[in-house]
Amino acid sequence: MEILLLIFLPLAGAIIVSLFGKHQQAKTAAFIWSLLSLGFTGYLLDGFDPAAGTQFTVDFPWLLSLGSRFNAGIDGISMLLVLLTNALVPLIILASFSHNYKSPGAFYGLILFMQSGLLLVFTALDAFLFYVGWEIALIPIYFICAIWGGSNRIKVNIKFFIYTFAGSLIMLLGIIYMAQQTPDKTFDLLGFYQLSLSTSEQSWVFLAFFMAFAIKMPIFPFHTWQPDTYTESPTAGTMLLSGIMLKMGTYGAIRWLIPVAPLGFAQWGQTALTLAVIGIVYASLIAFTQKDIKRLVAYSSIAHVGLIAAGIFVWNLQGLQGAMIQMLNHGLNVFGLFFVLDIIIRRLGTRDMDKMGGIAKMAPKFSITFLIILLGTVALPLTNGFIGEFLLLMGLYNYNIWASAIAGLTIILGAVYMLRMYQRIMFGPSADNTLTFADIAGTEKVVLFVVCALILFIGVYPKPLLAISETSTRELIDFVNGKIAGGSPTNY
Amino acid sequence: MEAVTQSIQGVPLNHYILLSAIIFSIGVMGVLIRRNAIIIFMSIELMLNAVNLLFTAFSAHRGDAAGQVFVFFVMALAAAEVAIGLAIIVMIYRNTNSTDINVLNRLKW
Amino acid sequence: MINLVWLIPLFPLIGFLINGLGRSFLPKGAVGFIGSLTVFLSFAVSLGIFFELNGSVTKSFTIQLFDWIQVGNLSIPFSFQVDPLSSLMLLIVTGIGFLIHVYSIGYMHHDTGFAKFFSYLNLFVFFMLLLVLGSNYVVMFIGWEGVGLCSYLLIGFWFSNPAYASAAKKAFVMNRIGDLGFLIAIFLIFNTFNSVEFAKVFPQAASLTAGSDVITLITILLFVGATGKSAQIPLFTWLPDAMAGPTPVSALIHAATMVTAGIYMIARSNILFTLAPFTLDIIAVVGLATAILAALIAITQTDIKKVLAYSTVSQLGYMFLGLGVGAYTGAFFHVITHAFFKALLFLGAGSVIHAVSNEQDMRSMGGLKSKLPVTFYTMLMGTIAISGLPPFSGFFSKDEILAHAYEHSKLLWLIGVIGAMFTAFYMFRMLFLTFFGKFRGTTEQQAHLHESPASMTFPLIVLAVLSIIGGFIGVPEALHGNHWLAGFLEPVFSASEQRTGASHLDHSTEYILMTVSVIAAVVASFIAYLRYARNNHVPVPDTAERTAFANVSYNKFYIDEIYDALITKPLNILSGFFYRIVDKTFIDGFVNGLGRATAEAGKGLRLLQTGNIGFYIFIMIAGIVALLVYGFYNI
């Protein structure tokens, strides 16, 4: 029953918060409510046994006529993402305290609503339920971006919505096909796992699921909705999108793509891996010459997610564990980066880095926290990014040295564009508009300090986090490899 | 009743089918070719009655009353349809001073 | 004592935290005291460890702190290794680090970022100590990248100047290029030996056959890492630019410690390199080429720090030459002596710059001998030491490298000696231009000339003494010494030496080699004396015509420009091409095209809805007929 509470707590919060309407107290209420979720996650984490497989399961009849049950549970892989979601949402809400959005009740209500959808995605063990969560998460973010976004928001968001929705529908086809193949026509995940379809069937299913996940992550060349959407969305929306929502894609690839269609993976995994690796270099290179700082970070996010995806598609323990911890790290770092950019954009009123400079002199605390987040992003040792990228590159290496070397270029290229951005914004002589740049204070300080502390803590002591998912990932890998090797479906 | 049935059965079924087909086709052509709404309406009646004829013929030949029941239904519906349809045509005429259906092409794109 | 090794990096870390967090309210005196004290405490612990190790029978200790990364069979503990190599390096880092901290108290006194400077400096020492102490490649890599970060922060210390900020970025990025090589080497090592712990890798490696592909690849990748950190061809151009940082930084990071990390790493992995003769040849050639190239550039530079920077690159080249010819002890010996005299020279240069109001161009100096006596005499010691005149420290270490080079190939030796001549020439040129003749700066600068405070001269004196006597830890047998250093480092290099065999130059050959190099150095310094001290020759201003060679040398062989044209510009163009053509036009154009195609198709299809009822009916009937026909043929 804990799962139900976990999923529906934010939903209840969404209803309560939306009652605040136009009162700005909505943000405080939303923040407190999201802390409740975080606290509850802590309670779950306390009772969680990494070695024990799926836990806290609920399973009761839901849409029986369709063959769908409300079946959800948490294993190590889900746990990390639940943790990410529930830790990041309070931070995102806190980070938006300096904004006074119109109709805050609706704004924060939608954020909490989305949290419910995300949690549903990360815990669902029934394909239909998964799909429902997948779409539930999309609706609020569409409204957040389309109502509170920048000047070009409508056009950009229609593209985003249709693009991701088209991907989802293709996945739905795959889900329905799989359900038709199960003996009693159910959507149960484990039922999907037990099936042994032919290679060509699995290839089609793989491609159908892959479309949805590749668009959501996004993987090259399905990424073009992303920079525009990140740039035009309100900062909180960008944070939700980049920090949590794109992990739906990577999570989906781990839980729903590869184990559901192992032979399809054997067929197409290499193509997917190649796309991911191309995306790393491609997006990094594009980030080189971006002048718009939000767009620059958007492209850098494509590169980093490409590395995570590559780590998943090599499908070995280092790669997958690296992907797991890097999902957490990327969420944290990209949230921090967008928050930093938000502070800059709000104070300077521009996104063009050529119009900035010399902020470090005015705001030393800000410059240090910015630097730490940046170092986490470029994977300096003793920051969280290093743990993830080290494991990911090692996983890639175990697959192929060239894949590792090319993906490893991100270490160099990332340093180039990130430091270039840092230099343009923070160093050099002060411009007119940066002379009065105020240092961080209040909630800004709290958020940035928490982010920096987490970045350093994970970098120095990643073991507890790695331990959460290790058993689950190893079992999943063994299961899939067993199926690819041609054995009859083993118990999972 | 018996006599009527027998006299209907006296004509081979093929003749009825042929006649109905001809009447029905005349109706179809009327609907397709004519532009006056009232004449189109009459052509539709023609088609309905061609079917009615067929119903009765089959009913008599097979000794099954269900066909005749259908005829009553069709006639009732046709009556209702004429009531509404003529009313619409009258309204159209009042508005456009014409019963030419080619004038009524505003509902497009 | 050895169990307390974790204290060594901990002290500077504490210093970093105190100075970093308290930078806005701690008084400068407290900041300087804390910064220096923490490093001194580390030095004290290092000394204790050194003596304990010297007296101990076991020569290698591993101290595990905690499990860091643990995934499947990959287990990377956070652990330290104490052995002769690391203990000596600890002494250099903490000892010279301490002196430079003390020096900085005086040098940075007027700077507003005083506390920030000390916190960064402490952080650097912390990372450098991690690099030295790491018992596996990954912990070493932490330090390796960490010192790169500190280098970035300190080069860009005066970040308001865009050129300085760019120099910082350049240093970081070039280091990162090398770091990628290092990282892939780590993966390769783990894959080959199933561990990244030194204590597990090296014994396994010792049993492998020499020249296998894997080992060659590993060592080449490690060497790529070393070229980045230690500024070798092709990744050396960041080091001269790094002179943008405050002078104590140049002394500590870009002369004495960080840039020698590459040599330390190769010396640490010596067994792997011994097994890869091909890589060793590459190292020797690259090292020598760097040594000569940098020396050629140094002889025409007019910025006092640039001369020293190129000299550093050149000396690092000699160290790599030493590694390449298998003289691990000699290379590390040169690391030690170079740390002494190059730190001294940089600090002396800093003292000069301090005295002439931040002027760095030697064309505006001259005649400072009488005004800055302590600086002059200490720098003279340093210059003699780097020129390789006996019995100063540089003589012994450079000679050991050259002797091994001779054994390896006479050509390498010959070029090495020519390079040493250049070294003597440009160093004495710098000395004469700075301290001899008449003062060429402005009168304001002249009025301001003063000897530096005691906090700055004290480190100079200590380092000068070390530069003079430092060589005696490695007096070769030919000179009736017992080469204490070789004996002390023997446990680290023994496996390699078993494979290569000991040196077999006879003493008479060694005498000849020594004599030749000493004569070369004397001749070169005498030419410098004639040209710059007696004839008072001053380099021409930037606008003047130069001879073709001088022009190329003065412009650093246009290497930055070549890199810019070959790498930076094409990448930027590629970036623009990807963004505008591939991304916006092609991929996004395709996506938008799909949307537009749908819209266009709708536009076309809607024309079917003409509003003409007759047409609708016709279509309907046609449809019915079509269905009938279809049904007729199918039933």
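Quick definition before I start: helices here are DSSP runs of H or I, at least four residues long, and strands are E runs of at least two. By that count, chain C has 25 helices and 2 strands. Keep in mind that this is a predicted model.

First, the overall picture of chain C. The C-alpha trace spans about 115 × 65 × 55 Å along its principal axes. The chain has 635 residues, and 55% of them count as buried. Now take contacts between residues at least 6 apart in sequence. Of these, 81% join residues at least 24 apart.

Start with helix 24 of chain C, residues 559-606. It has 48 residues and reaches 65 Å from first C-alpha to last. Which residues of helix 24 are buried? C:Ser575, C:Phe578, C:Tyr579 and C:Asp583. Their cover includes a piece of another chain: helix 11 of chain A, residues 262-288.

Now helix 21 of chain C, residues 484-500. Straight, its 17 residues would span 24 Å. In the model the end C-alpha atoms are only 20 Å apart. Where does helix 21 bend? At C:Pro491, by about 80°. Its buried residues include C:Leu485, C:Phe488, C:Leu489, C:Val492 and C:Ser496. Here the cover includes parts of chain C itself: helix 3, helix 12 and helix 15.

Terms used. Residues are numbered from 1 along each chain as its sequence is written. Chains are lettered from A and ligands numbered from 1 in the order in which they are written. This is a predicted model: local features need pLDDT of at least 70, side-chain atom pairs count only at pLDDT 80 or more; totals for chains, interfaces and linings use all residues. A residue is buried if 20 or more other C-beta atoms lie within 10 Å of its own, exposed if 12 or fewer, and partly exposed in between; C-beta atoms are placed from the backbone. Two residues are in contact if their C-beta atoms, placed from the backbone, lie within 7 Å. The expected span of a helix is 1.5 Å times one less than its number of residues. The bend at a residue is the angle between axes fitted to the seven residues ending there and the seven starting there.
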